[in-house]
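Hi everyone, thanks for coming. I'd like to walk you through one model today, so let's bring it up on the screen.

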Amino acid sequence: MKDDPRTLTIDIGGTGIKMVVLDAEGEPLTERMRELTPHPAHPEPVLAVITAMVERIAVPFDRVSAGFPGVVVRGVVRTAPNLDTPAWAGFEFQATLEARLQKPVRVINDADLQGYGVITGRGVELTLTLGTGLGAALYSDGHLVPNLELGHHPFGDGFTYEQRIADKVADTLSDEAFQARVLEMLEQLQPILNYDRLFLGGGNAKRLDPRALPDNVTLFDNVAGMEGGIRLWADNFAEA
């Protein structure tokens, strides 16, 4: 791999598939592309959309970082709750994508990838993405604790965080009610994880008033999260 590799970063979500090519400093070399996630979102249709998008990229790239909405262990999908777990479980996504694109590939959970793009690398940091589901990623001094899946933990009244925060419920709430629920979630998480900093992203983060958030909470957008595709290659967890 050359000293200044270009990284194609792919973010696969329950609603859309996004990608951008970044230089070694994290600057975009292409416009961010987005296509709707196919339904049913089985492996072959998703791969077909990714391949078609890559064919439209006009600049060369050296490696690929992909974020997937589920548990991924050493490039193999274990769960895909917002796509179709039975269709994806056991699928060797990393190896398959390498064969399709003929480039080195790393695949991890989508929230884990986005968190890499915004964390400072100091202390305990938590990233939450508010979208189709609730993504969560935890880091200690810049190193990832992979596949946290915090969204499936209990969050009152017999529901999980994801069941009370994700799109299907969030769309029924006013901005004020949604923000109150997010603040309730943060109040519960802080004494459990004792994070130094929390980063909030995802499509529904724009509904939050930053002035109402605790001092150690920062909002980020999807473009910043895509820069995680570079840091992924600097952290050696994927080869552990």
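Predicted model: local features only at pLDDT ≥ 70, side-chain atom pairs only at ≥ 80, totals over all residues.

Residues are numbered from 1 along each chain as its sequence is written, and side-chain values use heavy atoms, with hydrogens and water left out.

The protein chain has 9 helices and 12 strands; these are DSSP runs numbered from the N terminus, with helices being H or I of at least four residues and strands E of at least two. Its radius of gyration is 17 Å, close to the 18 Å from the globule rule for 240 residues, so the chain is as compact as a globular protein of that length. That radius is taken over C-alpha atoms, and the rule is 2.2 Å times the number of residues to the power 0.38. Of the 240 residues, 50% count as buried, meaning under 20% relative accessible area with a 1.4 Å probe, protein chains only.

Now to the sheet. Five strands form an open, mixed sheet in the order β10-β9-β8-β11-β12, where pairing requires at least two DSSP bridges between two strands. β10 (143-145) and β12 (217-219) are at the edges with a single partner strand each, so one side of each has no neighbour in the sheet. On average, neighbouring strands are turned by 25° against each other, direction ignored. Strand β11 (residues 197-201) runs parallel to β12, joined by 3 bridges, and F199 has T218 as its bridge partner in β12.

Look for helix α7 (residues 175-193): it lies across β8 (124-130), β9 (134-140), β11 and β12, at about 155° to β8. Axes here are lines fitted to C-alpha atoms, for helices over the stretch in contact (heavy atoms within 4.5 Å), and angles run from 0 to 180 degrees between N-to-C directions.

Within β8 sits T127, buried with a relative accessible area of 0%. Beyond four places away in sequence, T127 touches residues including V118, A136, L198, F199 and F220.

And where is D112? In helix α4 (residues 110-116). D112 is buried yet has no salt bridge, and R106, the nearest side chain of opposite charge, is 12 Å away. A salt bridge here needs a side-chain nitrogen of Lys or Arg within 4 Å of a carboxyl oxygen of Asp or Glu; Lys and Arg count as positive, Asp and Glu as negative, while His and the chain ends are not counted. Leaving aside neighbours within four places in sequence, the contacts of D112 include A136, Y139 and P146.
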